[in-house]
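Trainee: I am new to this structure. Could we go through it one question at a time?

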Amino acid sequence: MSVSEITLAGEQSSNGRGAEFRRGLAASTPVLLGIIPYALVLGAQAAQKGLSVVEVPLMTGLNFAGGSEFAAIQLWTSPPHILLIAGITFLVNSRHFLMGAALAPFIKHLPKRQVFPALFLMCDESWAVGLADAQRRAAGGMRPAFSLAFYLGAGLPFYLAWVVFTACGAALGPVLGDVGKYGFAMAFPAVFLVLLRGMWKGFAAARPWLVSLAVAAITYLVLPGAWYVAAGALSGLLAAWFLAGDK
């Protein structure tokens with residue numbers, strides 16, 4: 001192969017990665033727009049708890065897991081109960097064990113230097129978009145089924161938007177006051193309903209989610225504090241474990 005042929009092959013590969021990145025961005029944009037309102041809500045709530053405009057993007061950028069960040073802010077006191085917040089954060093984020101396991105068959109061919117940054121960008125939305133695309137490509141016989149460029153196109157904008165708009169929420173929080181009155185909090189369940197609809201595979205596959213929902217709701221009604229978070233997370237994991245082989 002000549003030098004010119006090698007250069008042309010490299011350009012074609014680069015163009016292909018660019019096209020995949022843009023495809024991932026296009027696929028994730030509708031959901032991406034949906035996370036902006038509850039990013040603003042989280043930032044405003046964090047500011048009202050005493051976190052600064054600098055501390056909020058540090059929290060959301062280093063942790064990057066919306067559900068656990070909402071739980072942490074709800075539990076935040078002065079001084080904060082670090083062990084309680086860390087424990088709840090771990091339980092809420094424990095769903096990432098299952099999410100990572102679902103992605104594992106599709107990313108096992110990738111070197112670790114690519115896998116670890118990709119997994120850092122994994123949130124519920126980017127995981128759902130990336131996994132659905134990999135499953136479609138696998139069903140169509142495409143190899144490799146997982147497109148890293150597509151996944152980065154879906155995941156990186158989520159990360160940047162989350163950090164930027166939580167910071168904006170922190171800056172605007174003192175001005176807006178009680179952000180709940182604007183209805184922004186409805187964006188959080190709305191986004192997850194959209195993801196659920198896109199990944200729906202029948203009642204059998206949804207049983208762990210339903211178990212988690214029922215246990216969390218009952219715990220919320222009978223126990224004070226944030227125990228419903230732990231109960232919902234653990235019951236969902238246990239249900240997924242026990243029902244894994246049940247068709």
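Mentor: A definition comes before the packing angles: axes are lines fitted to C-alpha atoms, for helices over the stretch in contact, and angles run from 0 to 180 degrees between N-to-C directions. Keep in mind also that this is a predicted model.

Trainee: At what angle do helix 3 and helix 4 pack?

Mentor: Helix 3 covers residues 66–75, and its axis is 9 Å from that of helix 4. Helix 3 passes helix 4 in a right-handed crossing. The packing angle is about 155°.

Trainee: Are helix 3 and helix 4 roughly parallel or roughly antiparallel to each other?

Mentor: The angle between helix 3 and helix 4 is about 155°. Angles over 145 degrees count as roughly antiparallel. Helix 3 and helix 4 are therefore roughly antiparallel.

Trainee: How many nonpolar residues does the contact of helix 3 with helix 4 have?

Mentor: On the helix 3 side are Gly67, Ser68, Ala71, Ala72 and Leu75, and they meet Leu84, Ile85, Ile88, Thr89, Val92 and Asn93 in helix 4. The contact of helix 3 with helix 4 has no charged residues and four polar ones. Its nonpolar residues number seven.

Trainee: How are helix 4 and helix 5 oriented to each other, roughly parallel or roughly antiparallel?

Mentor: Helix 4, residues 82–93, packs on helix 5 with the axes 5 Å apart and an angle of about 30°. Angles under 35 degrees count as roughly parallel. Helix 4 and helix 5 are therefore roughly parallel.

Trainee: Which residues of helix 5 make the contact with helix 4?

Mentor: Helix 4 brings Phe90, Leu91, Val92 and Asn93 to this contact. By class, the contact of helix 4 with helix 5 has four nonpolar, two polar and one charged residues. The helix 5 side consists of Arg95, His96 and Phe97.

Trainee: In what kind of crossing does helix 5 pass helix 7, left-handed or right-handed?

Mentor: Helix 5 spans residues 95–107 and helix 7 spans residues 124–139; their axes come within 10 Å and cross at roughly 25°. The two helices are therefore roughly parallel to each other. The crossing of helix 5 with helix 7 is left-handed.

Trainee: How many charged residues are in the contact of helix 5 with helix 7?

Mentor: Helix 5 makes this contact with Arg95, Met99, Ala102, Leu103 and Phe106, and helix 7 with Asp124, Trp127, Leu131, Ala134, Gln135 and Ala138. The residues of the contact of helix 5 with helix 7 include eight nonpolar and one polar. The charged ones number two.

Trainee: Which residue follows helix 2?

Mentor: Helix 2 runs over residues 55–63, and its buried residues are Val56, Pro57, Met59, Thr60 and Gly61. The residue after helix 2 has a positive phi, near 45°. That residue lies in the loop between helix 2 and helix 3. It is phenylalanine 64.

Trainee: Is phenylalanine 64 buried or exposed?

Mentor: Phenylalanine 64 is in contact with Met59, Glu69, Phe120, Leu121, Cys123, Phe158, Tyr159 and Trp162, leaving aside neighbours within four places in sequence. The relative accessibility of phenylalanine 64 is 4%. Buried means under 20%. Phenylalanine 64 therefore counts as buried.

Trainee: What separates the C-alpha atoms of phenylalanine 64 and tryptophan 162?

Mentor: Along the chain, phenylalanine 64 and tryptophan 162 are 98 residues apart.

Trainee: Which peptide bond is cis?

Mentor: The bond in question has omega near -5°. Its proline is found in the loop between helix 7 and helix 8. The bond runs from arginine 143 to proline 144.

Trainee: Which residues does threonine 219 touch?

Mentor: Threonine 219 has its place in helix 10, residues 203–222. With a relative accessible area of 11%, threonine 219 is buried. Not counting residues up to four places away in sequence, threonine 219 touches Trp227, Tyr228 and Ala231.

Trainee: How far apart are the end C-alpha atoms of residues 203–221?

Mentor: An unreviewed UniProt entry places the feature "transmembrane region" at residues 25–44, 145–173, 179–196 and 203–221. In the model, the span 203–221 is 100% helix and 0% strand. Its end C-alpha atoms lie 25 Å apart.

Trainee: How many helices does the protein have?

Mentor: The protein has zero strands. Of its 247 residues, 41% count as buried. The helices number eleven.

Notes: Residues are numbered from 1 along each chain as its sequence is written. This is a predicted model: local features need pLDDT of at least 70, side-chain atom pairs count only at pLDDT 80 or more; totals for chains, interfaces and linings use all residues. Side-chain values use heavy atoms; hydrogens and water are left out. Helices (H or I, at least four residues) and strands (E, at least two) are DSSP runs, numbered from the N terminus. Angles under 35 degrees count as roughly parallel, over 145 as roughly antiparallel, 65 to 115 as roughly perpendicular and the rest as oblique. A crossing is left-handed if the near helix is turned anticlockwise from the far one by less than a right angle, and right-handed if clockwise. Contact means heavy atoms within 4.5 Å. Ala, Val, Leu, Ile, Met, Phe, Trp, Tyr, Cys and Pro count as nonpolar, Asp, Glu, Lys and Arg as charged, and the others, Gly among them, as polar. Buried means under 20% relative accessible area, exposed over 50%, partly exposed in between (1.4 Å probe, protein chains only). UniProt positions are given in the numbering used here, feature names are shortened, and annotations may be inferred rather than shown by experiment.
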